[in-house]
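Reader: I have a structure open and would like to learn how to read it. Can you take me through some features, one by one?

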Amino acid sequence: MSDTGGRIRKLITILPLLLFLSSCFYRVKGLEFKDSADRRHSVFVLSNNRNKYLYKLKPAVKDSGKGKAFFLKYMRNNSPLNISVLSSRNNVSASGIVPENGSVPVKYLISLPADLPVWGFAVSGTKTAETPAAEGRPDGLKDFAAGILDAGITGDERGFYFKDGTLIIGSGIKILKPEKLGNGYFKELSVRILKPNPEFNAVNSGAFWRIGLAFKSGDFGEPVSFIINIKGGSTGEHVLLKVNVPPGKSRVFLYPGTIGFFPGLILSKMRIPHAAEKNISGESTGTGLTGLFITTAISGEKNSMVPLPADLGSILKYNRAKWRRKEFEFYSWNLFPHILVLDTADYGIQSRLLKRIAFFVEKKGFAGTIPDEKKITNLHGYNAHDYRAADLAGFFNKAGQDNIGLIPAEELLKKILIKNGIIKVKGDNIVAGTGGLISISQNSSAILRKLLLTHESFHGIFFSVPGYRKSCFKVWDMLSDTEKKFWKLFLDWKKYDINNKYLVVNEFQAYLFQQRERDAVRYFGDYIIPKMVKFYDNKKDKLLNGFSALYPDHFRKTYEKLQRYLWENAGVRGGDDFNIEFKQAENSGG
């Protein structure tokens, strides 16, 4: 009897301990951990309290591999969570902080050291009463741990973006103030980029970084703008940008050649057009910043055939010292990626690349022919160029068929165009691919470069957007015979082949939209017409001197008609299709 009583007393003594241990060590039924090879690992809670949970994997992950990240998917935390990845119970191999996220699920990545095991992980935070217990979890798990939806190992990523309603935050990113977080976008945001990748810091690595910012916008009748404040990590560099975002989805890109330093902090704030503020909001259209993407090893090889995606403002800003070739750099326009933009070191290089193409496509008296290079040495080509895929294919096809030798610069251009799908090889022929090419030169002044790039970019839109191109022909056909005669006289004066209607209509819209409406009206009325009168020495008096009196609102009305079609089809405004405006720069050396 005494032995039985002793056993009962011992059982009573250890029962609380057994109950405690059973409450602290259990398998989490609703959570399964997958490693990078898609192997499944059970997850056990070893200890918990209201502020910290320790999880053990069975079996442990022996080797996380290279270029991998631990991830935790989480729902509804009203305060930050601290995550530690453990190589053993007492050794932390990596850590991170999940920002508060309200009702938007977050998948948070932490970069893992190569070749280390993953024994388990720890999560700590503050109690969040709003978080419901997850299905299959022990009763009473009402705090932040109940919000864990998934965990595992995946490929490492840098940046953040939304996918299927989840905010994915890559390694090296710390979101400081996720203000005004909507369903798939931020209206305001502060984000710190913790450290650059060593790949592009290595001496003579030949690589450099690129940061992409993704946006989406509703249609407000004009672009939404974002003020982007970019600061250097610890050296005080600072750049202020205004990013104009068209309707739909779009991206802009930052490079060492545009801002000059690796960003440590990026702050973004949205501005809806003033005219729309009272009637519509960003929330109602899902307008905001949707992602930030860091590519840490862009090839810097000098003979690269791959263009750099960029907006027009960045192309003008790009530091020539950062070019991959000394002769030129080339880009794909972010809004119309099949339009290549070539920026040459001088007019001579531009001429070697494009002058004979200019004469073949549109020069009066030469169109359809490929002249000998020596015969046009003293003839002016253009200070800027634009060519659709069909015309580029036509030039190289004729050169092949007529056994006309290409000079080295033309051979290089041909390779670039083929590589990027602008033209294609089909048997013995060259055929049109998709898109086109526009070009400017560093020899032009800063003001002229902007004017010329704007002009050429509207040719790019004309090439790329069938609905807009069709509307341009519609507006042209609605002009009176006198109005058409004026435009043909103007283009003839500019040495264009006016028998080519496609060329005439294309130049008609580009000359209007190379500047904003008020400036376009002044340009033609106060500058072009008087200059043409002087050139023609009164031979065209009846047309030129009488045109403004007969059609006093021609340029304004025509501009407005085309502008409506331009916005409806391409989402840009005349005279202003640049996404990035560089507002301020301090200490921005490379």
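Author: Start with one pair. This is a predicted model. In strand β26, Ile440 is the bridge partner of Asp343.

Reader: What is the general idea behind strand pairing?

Author: Strands of a sheet pair through backbone hydrogen bonds, either parallel or antiparallel. Now the case here. Strand β22 (residues 339-344) pairs with strand β26 (residues 436-441) in the parallel sense, over six bridges.

Reader: In what order do the strands of the open sheet run?

Author: Five strands form it, in the order β20-β21-β22-β26-β23. The pairing is mixed.

Reader: Which strands stand at the edges?

Author: They are β20 (308-310) and β23 (385-388). Each has a single partner strand, so one side of each is left without a neighbour in the sheet. From one strand to the next, the twist averages 25 degrees.

Reader: Which strands does helix α6 touch?

Author: Helix α6 (residues 389-401) packs on the sheet and touches β23 and β26. Its direction makes about 90 degrees with that of β23. Helix α7 (residues 408-419) lies across β21 (328-333), β22 and β26. Helix α7 runs at about 25 degrees to β21.

Reader: Now two helices. How do I read the angle between α10 and α11?

Author: Compare the axes. Angles of 65 to 115 degrees count as roughly perpendicular. The axes of α10 (residues 481-493) and α11 (residues 501-513) cross at roughly 90 degrees and come within 11 Å. The two helices are therefore roughly perpendicular to each other.

Reader: Which residues make the contact?

Author: From α10 come Trp487, Phe490 and Leu491. From α11 come Val504, Glu507, Phe508, Tyr511 and Leu512. By class, seven are nonpolar, none is polar and one is charged.

Reader: Where is Asp115, and what is its phi?

Author: Asp115 is in the loop between β7 (106-111) and β8 (118-124). Its phi is positive, near 70 degrees. Asp115 is partly exposed, with a relative accessible area of 49%.

Reader: And Asp164: buried or exposed?

Author: Exposed, with a relative accessible area of 75%. Asp164 lies in the loop between β10 (159-163) and β11 (166-169). The phi of Asp164 is also a positive value, near 50 degrees.

Key:
Residues numbered from 1 in each chain as written. Predicted model: local features only at pLDDT ≥ 70, side-chain atom pairs only at ≥ 80, totals over all residues. Heavy atoms only, no water. Axes fitted to C-alpha atoms, helices over the stretch in contact; angles between N-to-C directions. Helix = DSSP H or I, 4+ residues; strand = E, 2+ residues; numbered from the N terminus. Parallel < 35°, antiparallel > 145°, perpendicular 65-115°, else oblique. Contact = heavy atoms within 4.5 Å. Nonpolar A, V, L, I, M, F, W, Y, C, P; charged D, E, K, R; others polar. Buried < 20%, exposed > 50% of the residue type's maximum accessible area, 1.4 Å probe, protein only. Pairing = 2+ DSSP bridges.
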